[in-house]
Amino acid sequence: MKKFPKETDFFLDMENEFASAENAKYVLLPVPYDGTSTFVKGADKGPQAIIEASDSLELYDTIYNIEAYTAGIHTDTPINQLTSPDEMVEAVYQRTKYWLEQQKMVGLLGGEHSVSEGAIRATLERHPNLTVLQIDAHADLRDEYHGSPHNHACVMRRAQTMGANVVQVGIRSVCLEEKEHIVTDNMFYAHEIVGKNPEWMDRVVERLQGPVYLTIDLDGLDPSVLPATGTPQPGGLSWYELTTLLDKVFRQREVVGFDVVELCPQPDNVISDVLAASLVYKIITMKEAKSF
């Protein structure tokens, strides 16, 4: 097993023993990649911003009545110095595969959304009946964009072509060419669900077949809640809409991997960084709460 990073480099302000790879149930994999983004740059700064903001979090959760960090959360060495989307996808795939072989649950810290592809591929190899639950403002169903099939705008199309069942929630930005790849019963547009009767959440859970990989593009949240993202879109989910949905998913399905991507930190505003860090810890807490 690898040694854990220096104290300033791991997620949460906790004792070193809970951050070691040997003791950890969870591994967080920072992927500071921003090679294909097309609007606001800066997602490569997201993983470190999440790690730094996590120092502000309390370790006890008032809803679930547990301190989930005691299950062990190891922060891996970042995957960086990548020269192409293809190289990035392969590097994430290999690292995720390694940790899955060590029986760890892997969570990616992005980085732009294209970082999810390699992790989904590795998870699919272990769970061929995988569903990818996508929280996002954008459909990300292009076959290729700006000359690459590994662009951030193509990641859910890649998940489909790899054989995953893809369920999409909070979508409010779709180009015409993506429409042919939309599975109507698996699409939950933001205008149909935001601020509406929460029964839609039960319909989302019904569409989740087999184990679940959770991918959260932070622009799925409304920019009034989280402004620091590369492609913000109005009309997104609230914090409690998102976490209520996730609670239902964790209670009723087996979540086997996750990522939180597209944080684009703003120099003088850490609100979005803290929300992203809180979300990562909340996901781990929900997973741990299910085991009690």
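Visitor: What about K287, is it buried or exposed?
Guide: K287 is buried (under 20% relative accessible area, with a 1.4 Å probe and protein chains only), yet has no salt bridge. A salt bridge here is a side-chain nitrogen of Lys or Arg within 4 Å of a carboxyl oxygen of Asp or Glu. The nearest side chain of opposite charge is E254, 5.1 Å away. This is a predicted model, where local features need pLDDT of at least 70 and side-chain atom pairs count only at pLDDT 80 or more, while totals for chains, interfaces and linings use all residues. Residues are numbered from 1 along each chain as its sequence is written, and side-chain values use heavy atoms, without hydrogens and water.

Visitor: Where is K287 found, and what does K287 touch?
Guide: K287 is found in helix 8, residues 271-290; helices are DSSP runs of H or I with at least four residues, strands are E runs of at least two, and both are numbered from the N terminus. Leaving out residues up to four places away in sequence, K287 touches Y26, M105, F250, E254 and V255, with contact meaning heavy atoms within 4.5 Å.

Visitor: Switching to helix 4, how many of its residues are buried?
Guide: Six of the eight residues in helix 4 (155-162) are buried: V155, M156, R157, R158, A159 and Q160.

Visitor: Which elements do those pack against?
Guide: They pack against helix 3 (116-126), strand 4 (131-135), strand 5 (165-171) and strand 7 (212-217).

Visitor: What follows helix 4?
Guide: G163, with a positive phi near 110°.

Definitions and conventions:
Buried means under 20% relative accessible area, exposed over 50%, partly exposed in between (1.4 Å probe, protein chains only). Lys and Arg count as positive and Asp and Glu as negative; His and the chain ends are not counted.
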